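Take a look at the model below. The text after it walks through the parts one at a time.

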Amino acid sequence: MRYKSCYWIESGINFDRDAYKVCCLYSAKGGGNTIVKDNYKGEPVDWDEFFSFKKQMKDIHKSGKVYPKCDGCIFLEERDWPDDHTKISMINLDYWTKCNSRCSYCHTMADKDAYNRFKNYNFLPILKDMIKRDILRPNGHVSFGGGEVTLLKEFDKLLHIFMEAGFPLTRIHSSCIKYSRAIEKGLKNGRVDLIVSVDAGSKQMHEEVKQVKSYDKVWKNLKRYASHQKDPFAVKVKYILIPGVNDSKEEIELWLKKAKDNGINCVLHEIESKWFYARRENVPDNIIEFFNFAKEKAESLGLKYELYERAEHMMKFKSEKKGAN
Ligand code: SF4
Ligand code: SF4
């Protein structure tokens, strides 16, 4: 049947620190972040309840309306969606918070020690249950976010299982402070793409944003990962623009040069969350110009330039507003 929906509504799940949700995205005008079960600590998932929740969302969309939290989301797409309510093909994992970085914009900075001590539940039994029940669709997509993935005890095993289960691509977000052979292996066989948020060009700015001295180590590890990538665009370096902190053209130019010099071919540009959520529909023109500047510079160096999720919403809201005026 043809209607407006997204891959997360149709077949996604997000395992968060204390909840499972439809997706992990907050950028839509409606706020996203649709929680299905709160106060979750890794108990067996009630799949009947989960799929029935999704069916209710789909029914709203089939009736021509949009689930309120999904209002304005760039991932909504009108097309023929398969009539299948009981399969999962998109998994986002961010159920742990331990991290070796201290990014100034991270929600864990509210109480870093507590977040670093937090004992996460294990996802391995849940994944095995999903495989046993045959609810994982091959050709799916997995994404690891959370704290630092290389500090997650079950990470290597999980990555191996996803690759064995036929998931073609696993997206991994890492601080890149610790090198992982499991990630290297995934890059070598073209089954992993890696996103590292560097957020600076200079060492000084990197330390200001990251609040740990890791600039040289991160670029060294990035270069090593990039030297193993089968897909030339698999290793991606991100820059989260924090207005008033790292919004300098010199920093951007240096970031792009570092990427190029270290064998990276793809850069991602994002806007800082708290700043964006406070101004979602009133982003000043100079910020948009800044993104346009970065795109032009990146492309002049032969780098693939992509907007990340919030920035993509920001550009969409801005162009809709321009169109309405
Ligand atoms: S917020 Fe966006 S990505 Fe998430 S379920 Fe809604 S439409 Fe899909
Ligand atoms: S790397 Fe991620 S989890 Fe760690 S402090 Fe930075 S934003 Fe937070």
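A crossover is right-handed if, with the strands pointing away from the viewer, the path from the first strand over the helix to the second runs clockwise. Helices (H or I, at least four residues) and strands (E, at least two) are DSSP runs, numbered from the N terminus. By that rule, strand β10 (residues 235–241), helix α9 (residues 249–261) and β11 form a right-handed β-α-β unit.

This is a predicted model, in which local features need pLDDT of at least 70, side-chain atom pairs count only at pLDDT 80 or more, and totals for chains, interfaces and linings use all residues. Residues are numbered from 1 along each chain as its sequence is written, while chains are lettered from A and ligands numbered from 1 in the order in which they are written.

Stay with β11. Two strands pair if DSSP finds at least two bridges between them. β10 and β11 are parallel and share six bridges. Here Y239 sits opposite H269 of β11. Strand β12 (residues 304–307) also runs parallel to β11, joined by four bridges. There C266 faces K304 of β12.

How many residues of β11 are buried? Six of six, across residues 266–271. A residue is buried if 20 or more other C-beta atoms lie within 10 Å of its own, exposed if 12 or fewer, and partly exposed in between, with C-beta atoms placed from the backbone. C266, L268 and E270 point one way from β11, and V267, H269 and I271 point the other way.

Now step back to the whole chain. It is divided into domain 1 (1–163) and domain 2 (193–325), with bounds from an automatic or database domain assignment. Their centres, taken over C-alpha atoms, are 24 Å apart. Nine residues from domain 1 and 16 residues from domain 2 make the contact (C-beta atoms, placed from the backbone, within 7 Å).

Next come the ligands. A residue is near a molecule if its C-beta atom, placed from the backbone, lies within 6 Å of it. Around ligand 1 there are 13 residues, of which C6, C23, G32, C70 and C73 come nearest. The residues around ligand 2 include C99, C103, C106, R102 and E148.

Most residues other than glycine have a negative phi. N33, between β3 (19–21) and β4 (35–38), has a positive phi near 55 degrees. N33 counts as partly exposed because it has 17 C-beta neighbours inside 10 Å. Q211 lies in the loop between α7 (203–210) and α8 (215–228), and its phi is positive, about 60 degrees.

How values were computed
Two residues are in contact if their C-beta atoms, placed from the backbone, lie within 7 Å.
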